[in-house]
Amino acid sequence: MELDAETRALAELVKLPPGFAEIADDPTLGPAVFTGMARVEKMLRDAIANSDPFVDQTSRHLVEAGGKRVRPLLVLLSSLLSGNEEISDDVVKAAAMVELTHLATLYHDDVMDSAPLRRGAPTAHEVWGNSVAILTGDLIFARASILAASLGPEAVDLQARTFERLCLGQLHESVGPRPEEDALTHHLSVISDKTASLLAAAGEFGSRFGGSGDAQMNLLSEYGEKVGVAFQLADDVIDLTGAKVKSGKTPGTDLRERVPTLPVLILRRMSAEGDATATEVLTLVDGDLTSDEQLAAAVQAVATHPATNEAWAVARQWADEAREALSPLPNGPVKNALLDFADAVVSRDQ
């Protein structure tokens, strides 16, 4: 496939996330994936371009900040599982649509969380205010919907159902568990909707527009759902163990902001069951975390408690289930890359 100069330049900048080394080294699939990701990147930039300089600037803010691009990569890889050696224009369009939907949610999430940084740069609401950030997120989602419409009614339906789950996940997180609802079950439900749903959609979109049948689409959707939960649960632990966070978040931010995460929820369960050490750690976690010293003490207490090892075990279980979902697929470099990625999301900082 002939590429224009901009896409060729973008292909030189593509870096695959951990877990995809085998794909990068494959003489056939490697070039197809690198070229495909460059085509996605160009489509992202074209899709958000606006003749109004201000709107163009706000829309480009997160696209040009970079990111792992895991969701569009999953779309591309899922399309190759049917035996294709080239990535079609529809697959590229689906991949860009999935990433635009993700970016739109980030504008909204950062406003709701009052987050100062995203990918190491000031968030949109810090630069232009809440109203501009929210409306920019809405605009980007509109551009994603235009791409979905061009792919047909099935794509529109899947995107709409996925966006519904994203919204429900955010709502349920904001409201919290009902009095009779188990807090850990609620947390997993929130993660499934808020994070995993878009990865599940990525697997389904790639399979659909790569020419796979319903059975394979279901497998890739299940894989995306489970690997998405594993990814977020691992993030829960990484934040609370003081591991280096490249997003710009200070380790322990979730503790300070009283965000429920897996290790703390396990601590609360253990404390309720009579574990005195868990109760002692919770005294720090629920105390005054205003100063960096107090926060560091709480982070250290959580990191060294057995609840953290249990949290890693839960995350690894979800990753193992994601790997198991792929077992019916024929062996090959694409399947191996997806298996390796499931491992990589829970071995980032152990």
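Guide: We may begin with a pair of side chains, bearing in mind that this is a predicted model. Arg45 and Glu41 form a salt bridge, their closest N and O atoms lying 3.6 Å apart.

Visitor: What makes the pair Arg45 and Glu41 a salt bridge?

Guide: The limit is 4 Å between a side-chain nitrogen of Lys or Arg and a carboxyl oxygen of Asp or Glu. The closest N and O atoms of Arg45 and Glu41 are 3.6 Å apart, and the pair is a salt bridge. By this rule the count comes to 22 salt bridges.

Visitor: How do you know that Arg45 and Glu41 are separated by about one helical turn?

Guide: The two residues are four apart in helix H3 (residues 29–48), which means a separation of about one helical turn. An α-helix has 3.6 residues a turn, so residues three or four places apart point the same way.

Visitor: Why is Glu41 called buried?

Guide: Buried means under 20% relative accessible area. Glu41 has 13%, and is therefore buried.

Visitor: What makes the pair Glu154 and Arg208 a tie between separate parts of the chain?

Guide: The side chains of Glu154 and Arg208 meet in a salt bridge at 2.9 Å, N to O. Glu154 lies in helix H9 and Arg208 in helix H10, so the pair ties together parts that are 54 residues apart in sequence.

Visitor: Which residues do salt bridges that share partners join into one network?

Guide: That network consists of Glu41, Arg45, Arg69 and Glu99.

Visitor: Let us turn to helix pairs. Why are H11 and H17 called roughly parallel?

Guide: The axes of H11 (residues 214–240) and H17 (residues 333–344) come within 10 Å and cross at roughly 20°. Angles under 35 degrees count as roughly parallel, and H11 and H17 are therefore roughly parallel to each other. The contact is made by Leu220, Tyr223 and Val227 of H11 and by Leu338, Phe341 and Ala342 of H17. By class, this contact has six nonpolar residues, with no polar and no charged ones.

Visitor: What makes H4 roughly perpendicular to H6?

Guide: The axes of H4 (residues 53–63) and H6 (residues 89–113) come within 10 Å and cross at roughly 105°. The range for roughly perpendicular is 65 to 115 degrees, so H4 is roughly perpendicular to H6. On the H4 side the contact is made by Thr58, Ser59, His61, Leu62 and Val63, and on the H6 side by Leu103, Leu106 and Tyr107. These residues divide into five nonpolar, three polar and no charged.

Visitor: Why is Ser114 called exposed?

Guide: The limit is over 50%; Ser114 has a relative accessible area of 51% and is therefore exposed. Ser114 lies in the loop between H6 and strand S1 (117–118), and its phi is near 55°, a positive value in a residue other than glycine. Most residues other than glycine have a negative phi.

Visitor: How do you know that Thr123 is buried?

Guide: Thr123 is at 1% relative accessibility, and therefore counts as buried. Thr123 is found in the loop between strand S2 (121–122) and helix H7 (124–128). Not counting residues up to four places away in sequence, Thr123 touches His61, Asp110, Ala115, Pro116, Leu117 and Arg118.

Visitor: Why does Thr162 count as buried?

Guide: Thr162, in helix H9 (residues 153–175), has 6% relative accessibility and therefore counts as buried. Leaving aside neighbours within four places in sequence, Thr162 is in contact with Ser197, Leu198 and Ala201. The C-alpha atoms of Thr162 and Leu198 are separated by 6.4 Å, although the two residues are 36 apart along the chain.

Methods. Residues numbered from 1 in each chain as written. Predicted model: local features only at pLDDT ≥ 70, side-chain atom pairs only at ≥ 80, totals over all residues. Heavy atoms only, no water. Buried < 20%, exposed > 50% of the residue type's maximum accessible area, 1.4 Å probe, protein only. Contact = heavy atoms within 4.5 Å. Axes fitted to C-alpha atoms, helices over the stretch in contact; angles between N-to-C directions. Parallel < 35°, antiparallel > 145°, perpendicular 65-115°, else oblique. Nonpolar A, V, L, I, M, F, W, Y, C, P; charged D, E, K, R; others polar.
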